[in-house]
Amino acid sequence: MFPIGGLLVFCGLLAQTMAQLGALPLPLGQALPLAVTPALPSSPTDLARGLTNGLSSGLLSGGLLGVLENLPLLDILKPGGGTSGGLLGGLVGGLLEKVTSVIPGLDNIIDLKVTDPQLLELGLVQSPDGHRLYVTIPLGLKLRVKTPLVGSLLELAVKLNITAEILAVKDKQERIHLVLGDCTHSPGSLQISLLDGLGPLPVQSLLDSLTGILNKVLPELVQGKVCPLINGVLSQLDVTLVHDIVNKLIHGLEFVVKV
């Protein structure tokens, strides 16, 4: 039979050895096992940031900048173009009269080119009842007006906001999705400023005339091109992100932090 005293000595030595081993450094490349913790639910800030980042990435990958760069402005501004050809034609005619009065023989503007299209940082707010979201999509671009005789006449910087309403709706199969509600240009958000203009021309008069035309045409033109893109992006967002956002909207829970 093993002596009791020997057992006590053995246990004491074993405890001392284990304590010494615990004090030794681990070999390189070996780490203590980490405690496994369950994944935490997304924070409100993460949800809002995830939505704006997802929309921005989706719009850019969906060709937003190319859409802006290829806006058919010149076709619409030509007399007879668009749905309000008479009105726009008269405005363009008045603009050209001002230019040709200074430079005889300058019969028409042959190039109105969009350059440097940009998608700026998106804004996000939640409705007071918590059931809807409003995304502000700020766009920027430059407009260059050219003629055959003198080249560049004007270069304008243009900014415009599109506001998209996002709702959580249930389809016939009882599945809930994020969908686009109202989508329109924000009233009064169109800003047009002069970057460059040809010295001898009546620049301010020319700018005023062109600004009047763009105010009538550009917001609805951009809205008609951008809103369908937003609708497409909503259907391609991360499933988990959409699920979490839908859950908040259905219950009217606030997750967009007010700044």
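Contact here means heavy atoms within 4.5 Å.

**Figure 1. Overview of the predicted protein chain**. The model is a prediction, and its chain holds seven helices and six strands. Read from the N terminus, the order of elements is α-α-α-α-α-β-β-β-β-β-β-α-α. The chain has 259 residues, 35% of which count as buried. When contacts between residues at least 6 apart in sequence are considered, 70% of them join residues at least 24 apart.

**Figure 2. The largest nonpolar core**. This core has 56 residues. The members that touch the most others are Leu73, Leu133, Ile137, Leu139, Val222, Ile230 and Ile245. Helix H6 (residues 203-234) supplies the largest share of the core, 14 residues. In soluble globular proteins, nonpolar side chains tend to be buried together.

**Figure 3. Surroundings of isoleucine 230**. Isoleucine 230 is among the core members that touch the most other members. With residues up to four places away in sequence not counted, isoleucine 230 touches Leu59, Ile137, Ile162, Ala164, Leu180 and Cys183. Of these partners, Ile137 is itself listed among the core residues touching the most other members.

**Figure 4. Packing of helix H2 against helix H7**. The axes of H2 (residues 44-61) and H7 (residues 239-250) lie 10 Å apart, at an angle of about 120°. The crossing of the two helices is left-handed. On the H2 side, the contact involves Leu47, Gly50 and Leu51; on the H7 side, the residues are Leu241, Asp244, Ile245 and Lys248. By class, the residues of this contact are four nonpolar, one polar and two charged.

**Figure 5. Threonine 52 in helix H2**. Threonine 52 lies within H2 (residues 44-61). The relative accessibility of threonine 52 is 13%, so threonine 52 counts as buried, the cut-off being under 20%. Apart from neighbours within four places in sequence, threonine 52 is in contact with Leu122 and Leu124.

**Figure 6. Glutamate 254 in the segment after H7**. Glutamate 254 follows helix H7, in the segment after it. With a relative accessible area of 53%, glutamate 254 is exposed, since exposed residues are those over 50%. Glutamate 254 and aspartate 129 are 125 residues apart along the chain, and their C-alpha atoms are separated by 8.7 Å.

Note on methods. Residues are numbered from 1 along each chain as its sequence is written. This is a predicted model: local features need pLDDT of at least 70, side-chain atom pairs count only at pLDDT 80 or more; totals for chains, interfaces and linings use all residues. Side-chain values use heavy atoms; hydrogens and water are left out. A nonpolar core is a set of buried Ala, Val, Leu, Ile, Met, Phe, Trp, Tyr and Cys residues joined through side-chain atoms within 4.5 Å. Buried means under 20% relative accessible area, exposed over 50%, partly exposed in between (1.4 Å probe, protein chains only). Helices (H or I, at least four residues) and strands (E, at least two) are DSSP runs, numbered from the N terminus. Axes are lines fitted to C-alpha atoms, for helices over the stretch in contact, and angles run from 0 to 180 degrees between N-to-C directions. A crossing is left-handed if the near helix is turned anticlockwise from the far one by less than a right angle, and right-handed if clockwise. Ala, Val, Leu, Ile, Met, Phe, Trp, Tyr, Cys and Pro count as nonpolar, Asp, Glu, Lys and Arg as charged, and the others, Gly among them, as polar.
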